[in-house]
Amino acid sequence: MRIQRTSVGLDVHARSVVGCAIDEDTGEVIRHRFGYDPAAVVEWVRSLPQPAAVTYEAGPTGFALARLFTAAGIECFVAAPSKLQRPVGDRVKTDARDAMHLARLLRLGEIVAVAVPTIEQETARDLVRAREDNRGELMAARHRLSKLLLRHGIIYDGKQAWTGAHDAWLRRQRFDHPGLQAAFDADYEAVQQVRARKDRLDAIIEQMAAASTYAPVVRRLGCLRGISTLTGFGLAVEIGNWERFTGSSIGAFVGLVPSEHSSGQSRSQGSITKTGNTHARRLLVEAAWHHRKPYRPGAVMQARWAAAPSLAASRGDDGNRRLHQKWQHFTARKKRPTIANVAIARELAGWCWSLAVMPD
């Protein structure tokens with residue numbers, strides 16, 4: 001149970017911070033408005049009756065303020081916005097009222113805090129998300145180019161698009177109308193630029209995955225099918241501290257458990273909650289599709305097992321067999337592949353957890 005004399009709520013924006021403090025002993029409410037000056041906010045909290053605890057909502061301003069409070073010896077909780085209890089009938093919203101609401105929740109111990117990453121974890125996460133954004137941009141650029149050609153009746157008749165042969169076919173395209181040629185050249189150049197940027201980010205991630213503190217976890221996660229170095233590194237930085245979960249609770253963290261609305265004798269489950277970490281959920285869902293194919297460990301998987309501890313390799317082999325058997329079970333029951341894959345992804349999250357917390 002948290003014990004503090006002063007409970008402080010902060011409504012933090014890019015250019016302003018509004019603070020509200022409640023003195024537990026006197027009942028006094030102290031308010032203050034700042035420009036965005038984190039050092040001034042910390043000094044104001046230090047001037048309040050101690051011990052004090054602070055909370056503010058997680059958001060685009062990041063965790064720099066929380067780190068300053070921790071360095072100053074002040075307990076700080078970064079509240080998960082989706083878990084905040086809000087009055088239903090309250091129709092007035094201001095920064096001061098939000099700060100007061102946070103201070104009251106902190107006083108009652110009703111703040112659900114998110115994990116504050118270290119600077120190393122946050123920079124690695126920024127790199128992974130930059131690569132994911134670039135991946136989406138590459139897909140959009142490719143769609144624009146292919147649909148431009150499709151509108152003019154030009155269709156690639158090769159086996160697979162976006163290969164070396166397909167790229168050579170694109171470079172051979174010429175058009176009589178200068179406007180169409182200019183549009184094609186612009187779209188093709190955009191694809192090349194985005195792909196080159198993606199390749200650079202992939203190379204940096206490969207280097208960081210091999211040399212950073214995440215390297216042991218990435219090697220162990222690579223013992224599972226569908227978990228390449230890029231996917232393993234992405235999961236490692238997005239999850240962070242795997243020890244705070246269990247094999248059954250990690251599925252809820254990434255939003256892969258069914259939603260539920262039950263009352264009395266009725267029990268109704270719906271689609272997955274899609275709460276928690278969106279990036280980790282996407283990586284797991286993509287990796288789960290690999291377990292649909294027959295399980296025949298090839299040279300790539302053998303090389304990953306050789307680079308990992310023997311216990312992790314054995315565990316990964318067990319997980320691969322189990323997940324493929326689950327796919328076969330769902331196929332025999334004629335489950336829709338998309339629904340079956342989500343169930344596989346949920347179980348895959350548990351196997352990833354078991355490997356991540358395994359000692360080297």
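Which residues lie nearest the centre of the largest pocket? I found Val-114, Ala-115, Phe-253, Gly-276 and Asn-277 there, among 30 lining residues.

Ground rules. This is a predicted model, so I took local features only at pLDDT of at least 70 and side-chain atom pairs only at pLDDT 80 or more, while totals for chains, interfaces and linings use all residues. Numbering runs from 1 along each chain as its sequence is written, and side-chain values use heavy atoms, without hydrogens and water.

Largest pocket. I noted a volume of about 980 Å³. A pocket here is an open set of points on a 1 Å grid over the protein atoms alone, where a 1.4 Å probe fits, with protein on both sides within 12 Å along at least five of seven lines; lining residues have an atom within 4 Å of a point. Volume is the space filled by probe spheres set on the points. Helices H4 (119-151), H8 (229-239), H9 (250-253) and H10 (278-288) each give at least two lining residues. Helices are DSSP runs (H or I, at least four residues), numbered from the N terminus. H4 has the largest share, five residues. By class I read twelve nonpolar, eleven polar and seven charged residues.

Second largest pocket. Its volume is about 410 Å³. Of its 20 lining residues, Arg-131, Arg-135, Thr-231, Arg-282 and Glu-286 are the closest to the centre. H4 supplies the largest share here too, seven residues. The lining divides into eight nonpolar, five polar and seven charged. For these classes, Asp, Glu, Lys and Arg count as charged; Ala, Val, Leu, Ile, Met, Phe, Trp, Tyr, Cys and Pro as nonpolar; the others, Gly among them, as polar.

Helix H12. I traced residues 310-332: 23 residues, 33 Å from first C-alpha to last, close to the 33 Å expected at 1.5 Å a residue. The expected span is 1.5 Å times one less than the number of residues. Its buried residues include Leu-323, His-324, Trp-327 and Phe-330. They pack against H7 (215-221), H10, H11 (299-307) and H13 (337-356). Just after H12, Lys-334 takes a positive phi of about 60°.

Aromatic rings. My search of the whole structure gave seven pairs (ring centres within 6.5 Å). Phe-245 is buried at 11% relative accessibility (under 20%). Phe-175, Phe-184 and Tyr-188 form one aromatic cluster.

Terms used: Buried < 20%, exposed > 50% of the residue type's maximum accessible area, 1.4 Å probe, protein only. Contact = heavy atoms within 4.5 Å. Phe/Tyr/Trp six-rings, centres within 6.5 Å; stacked < 30°, edge-to-face > 60°.
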